[in-house]
Amino acid sequence: MHLLILIALYTLLSQSLNLSAGFTGLISLAHAGFYGIGAYTTAILSTQFGFSFWLSIPLAMLISGAIAYIVSLIALRTVEDYFVICTLGIQIILFSIMNNWMDLTRGPLGIPGIPSIHLFGLSLDSKISFLTLSLSFVAIVWFVLRNISKSGFGKTLIAISEDEIYSQSIGKDVYFCKIVSFTLSAMFAAIPGALYAHYISYIDPTSFTVNESILILSIVIIGGLGNLAGSFWAGAFLVLLPEALRFVGMPDSVAANMRQIIYGLILVVVMMTGRNGVKELFSKKVTA
Amino acid sequence: MQIFLNTIFTFTLYLIIAVSYSIIYYPTKFFHIAHAAVITSGAYFVFFFVNEFSISFPLSIALAIVAATLVGILCEVLVYRRMRTKKVPILAYLIASIGLYIVLQNCISLYFGDDTKIINTKEVTIGNQIFGAYITTIQITTVLVSIALFIALNLILHFTVKGKSIRAVASNPELCNIYGISSNKIILIAFGIGSSLAATVGILSAMDTNMTPTFGFNLMLYGIVAMIIGGVGSTRGLIAGSLLVASTQHLAAYYIDTKWMDAITYIILILFLIWKPLGFSGKRLKKVEV
């Protein structure tokens with residue numbers, strides 16, 4: 001049950017990143033930062049101000065989106081790998097804010113005692129009900145993202161990822177579209193953040209490090225850029241992998257490293273073969 | 001005075017990282033993230049040789065530099081070179097090298113464990129006093145070694161055939177191939193030099209403080225920041241970049257708080273990317289910005 005919830009959370013995370021990384025081609029390493037903003041916003045609002053989940057989730061999305069908007073104004077002046085390095089910097093800044101701003105986030109001590117979610121007077125503290133809730137969020141987000149990708153705006157984003165200068169030449173506002181896509185992607189990342197905070201009921205900055213960002217990015221890439229269903233399968237794969245390793249008799253400490261080694265290897269192989277995700281590794285030829 | 005000495009020490013350390021990074025970046029034009037693992041592996045190989053085979057300390061250092069250089073070269077031969085024949089976009093290299101970094105770093109964690117290791121066998125001394133400030137022997141060695149390496153490398157790059165070839169490949173790989181300079185071979189040499197410098201820095205830094213399997217990553221990022229700030233392709237830019245990063249970090253540590261050192265480094269980077277995206281030197285990095 002715990003694993004299914006994790007799969008749901010990682011699906012949400014990777015699908016939201018897929019909007020900017022997959023469709024628009026903005027490979028971002030700051031996603032765990034926005035995930036963290038979502039988690040911290042709800043944690044602070046619910047423990048200190050007693051906000052309910054339904055109020056804090058839109059607020060978390062707004063705050064995450066606002067920060068992403070400001071950040072994207074700056075970061076999107078750079079292109080390609082400079083953009084990646086820039087988002088890496090942003091990720092580290094966000095992390096050090098979470099880790100060091102003691103008054104707001106209690107730093108490395110984390111925020112304990114986040115209440116569980118109440119829905120129509122019912123408390124959702126059993127795992128099955130929480131799973132239902134997260135799955136419904138997955139369904140909503142998946143639906144919204146699918147519609148965005150099918151819409152004219154989504155088509156523009158794909159065009160930008162394929163040829164930026166050409167898209168600009170036919171009158172698309174590339175800079176604006178990138179900002180919107182980056183901001184939306186960060187807003188969606190706040191949802192799993194808020195869910196995570198309520199689910200674990202305790203958060204600390206170590207859940208939102210650079211490594212987490214890299215993990216999310218590798219889910220997206222393994223699943224295939226611009227492939228929402230692929231993100232779901234890759235998320236499921238990476239969550240279940242440690243269990244599989246434990247099943248073949250590997251001790252936990254080794255399994256954690258083995259998992260990372262395996263996904264690192266997959267990442268290298270996918271990139272070396274130049275295909276778009278594992279799914280298309282053996283089928284049609286796609287240039288990333 | 002203490003701040004000044006610390007700054008000098010960090011400055012030389014970052015300078016060599018920036019140099020080792022940029023020598024790979026010039027001809028290949030992508031961010032070799034796995035470089036961080038090379039830095040780390042240098043230090044861990046010393047630990048490995050000293051503890052497993054009880055080889056003497058100086059010899060272990062030499063062996064470790066060779067071994068770490070091999071790691072760097074293997075990255076190039078096994079992964080990047082094959083990608084280059086396929087003409088994949090530049091971002092694919094970056095992602096592949098992130099994957100490589102994850103693999104290498106976890107191999108180190110798997111073998112040595114995640115806890116902090118110390119390779120400096122000598123007992124901790126209070127350090128030498130210069131003008132009322134303290135500096136340890138290791139730090140002095142670092143400063144001297146770094147400056148020597150930096151000068152040597154610049155001589156190589158500007159006055160030997162191989163060095164000139166590296167710069168030639170950096171400016172136009174295809175034209176070099178036409179003139180009979182094999183760009184693959186030159187890139188391999190660049191990886192060799194870069195990785196051995198990185199291993200040296202890793203060892204020095206691990207001797208100064210201590211090491212964990214991830215310590216190379218931060219060091220490398222400071223190197224990248226220094227390189228971007230300095231502007232790619234300029235020696236003076238690299239000096240200025242590393243100096244700026246090192247001094248800001250120490251001033252921030254002194255006047256604000258040590259915990260904000262990282263954040264401030266990246267704020268400088270982002271400020272630079274906004275106002276002076278080409279760095280101090282003003283040389284164009286690559287392609288036109290859209």
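Reply:
**A residue in chain B and the helices around it**

N154(B) has its place in helix α5 of chain B, where helices (H or I, at least four residues) and strands (E, at least two) are DSSP runs numbered from the N terminus. This is a predicted model, in which local features need pLDDT of at least 70 and side-chain atom pairs count only at pLDDT 80 or more, whereas totals for chains, interfaces and linings use all residues. Residues are numbered from 1 along each chain as its sequence is written, and chains are lettered from A and ligands numbered from 1 in the order in which they are written.

Although 135 residues separate N154(B) from V19(B) in sequence, their C-alpha atoms are 9.6 Å apart in space.

Helix α5(B), residues 137–159, is also one of the elements against which the buried residues of α6(B) pack, the others being α1 (2–28), α7 (173–178) and α8 (183–208) of chain B. Helix α6(B) covers residues 161–171, and its buried residues are G163(B), S165(B), I166(B), V169(B) and A170(B). Seen down the helix axis, these buried residues fall within an arc of 160°, so they line one face of α6(B); the arc is taken from the directions from the axis to the C-beta atoms. An α-helix has 3.6 residues a turn, so residues three or four places apart point the same way. On the other side of α6(B), V161(B) and S171(B) are exposed.

Chain B also meets chain A: 35 residues of chain A are in contact with 37 residues of chain B, contact being C-beta atoms, placed from the backbone, within 7 Å. On the side of chain A that touches chain B, α4 (80–100), α8 (164–169), α10 (210–223) and α12 (252–273) of chain A each supply at least two residues, and the largest share, twelve residues, comes from α4(A). By class, that side of chain A has 22 nonpolar, nine polar and four charged residues, with Ala, Val, Leu, Ile, Met, Phe, Trp, Tyr, Cys and Pro counted as nonpolar, Asp, Glu, Lys and Arg as charged, and the others, Gly among them, as polar.

Chain A itself has twelve helices and two strands, and of its 288 residues 50% count as buried. Within chain A, helix α6 (residues 127–150) and helix α9 (residues 174–200) pack at an angle of about 180°, with their axes 11 Å apart; axes are lines fitted to C-alpha atoms, for helices over the stretch in contact, and angles run from 0 to 180 degrees between N-to-C directions. That angle makes α6(A) roughly antiparallel to α9(A), since angles over 145 degrees count as roughly antiparallel, under 35 as roughly parallel, 65 to 115 as roughly perpendicular and the rest as oblique. The contact joins F130(A), S134(A), F137(A) and V141(A) of α6(A) to F188(A), I191(A), L195(A) and Y199(A) of α9(A), and its residues divide into seven nonpolar, one polar and no charged.

Definitions and conventions
A residue is buried if 20 or more other C-beta atoms lie within 10 Å of its own, exposed if 12 or fewer, and partly exposed in between; C-beta atoms are placed from the backbone. Two residues are in contact if their C-beta atoms, placed from the backbone, lie within 7 Å.
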